[in-house]
Amino acid sequence: MQAIKALVNQFGGFIYGPGSVPKGISLFHDIKRYGWSHCLDLIIDVGANTGQFASSALSSAPHSSVISFEPVTQTFRELKIKAELDPRWTAIHSAVGDTNGSVLITCDGTNQMNHIKRPGDEVELHYSEANYESVSVAKLDDICKDRGINTIGMLKTDTEGFDGQVLLGASELLANNQVFSVLAEVSFDSGD
């Protein structure tokens, strides 16, 4: 085993046993470590793509349910197929933001970098081959009221720069302490 660890380390990787995973390496391992899994009855997955996060969440927290939001039509089709295999998983074809209505989003297949049209994207629209589709967008506060959801164990948002708008659309839930935890994509890329 030491030879395998040395080889993996040589290429910049690490191998950990179940009892030696450092804090901060694995979200769901940390959730189990600190005993928070009981707080994750409902996970809201905004910017679900094809369900990578939801799949991990459901296998790590088997008593949880997940509602995944994905606006890009082609990507949503793949997500829906996966979600239909698990009764704890609901897939919704919509963007989530700070308004109700519609927005334009890039639609480059199941690309994880699809994003809501931003100021300055006109240059991209004009000079590139980016494709956009119009999608519905709704505030999470309104979605939860409509569905009778009072508590969210985890709000995960990975929306390529639209994460602030997602949180603004959940301002009532957040102000009323109805969200136990928030996991948001953060980067130092000005596009995000």
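Start with what covers the buried residues of α4: select β2 (65–69) and β3 (89–92), which are included in that cover, contact meaning heavy atoms within 4.5 Å. Helices (H or I, at least four residues) and strands (E, at least two) are DSSP runs, numbered from the N terminus. This is a predicted model, in which local features need pLDDT of at least 70, side-chain atom pairs count only at pLDDT 80 or more, and totals for chains, interfaces and linings use all residues. Residues are numbered from 1 along each chain as its sequence is written, and side-chain values use heavy atoms, with hydrogens and water left out.

Next, select α4 itself, residues 73–83. Thr75, Phe76, Leu79 and Ala83 are buried here (buried is under 20% relative accessible area, exposed over 50%, partly exposed in between; 1.4 Å probe, protein chains only). Down the axis of α4 these buried residues fall within an arc of 95°, so they line one face of the helix; the arc is that of the directions from the helix axis to the C-beta atoms. Turn to the face away from the buried side to find the exposed residues Arg77 and Ile81.

Now the salt bridges (a side-chain nitrogen of Lys or Arg within 4 Å of a carboxyl oxygen of Asp or Glu), of which there are 4.

- Select Lys156 and Asp45, whose side chains meet at 2.6 Å, N to O. Lys156 is in strand β7 and Asp45 in strand β1, 111 residues apart. Lys156 is buried at 7%, and Asp45 is buried at 0%.
- Select Glu84 and Lys80, bridged at 3.8 Å between the closest N and O atoms. Glu84 is exposed at 58%; Lys80 is partly exposed at 38%.
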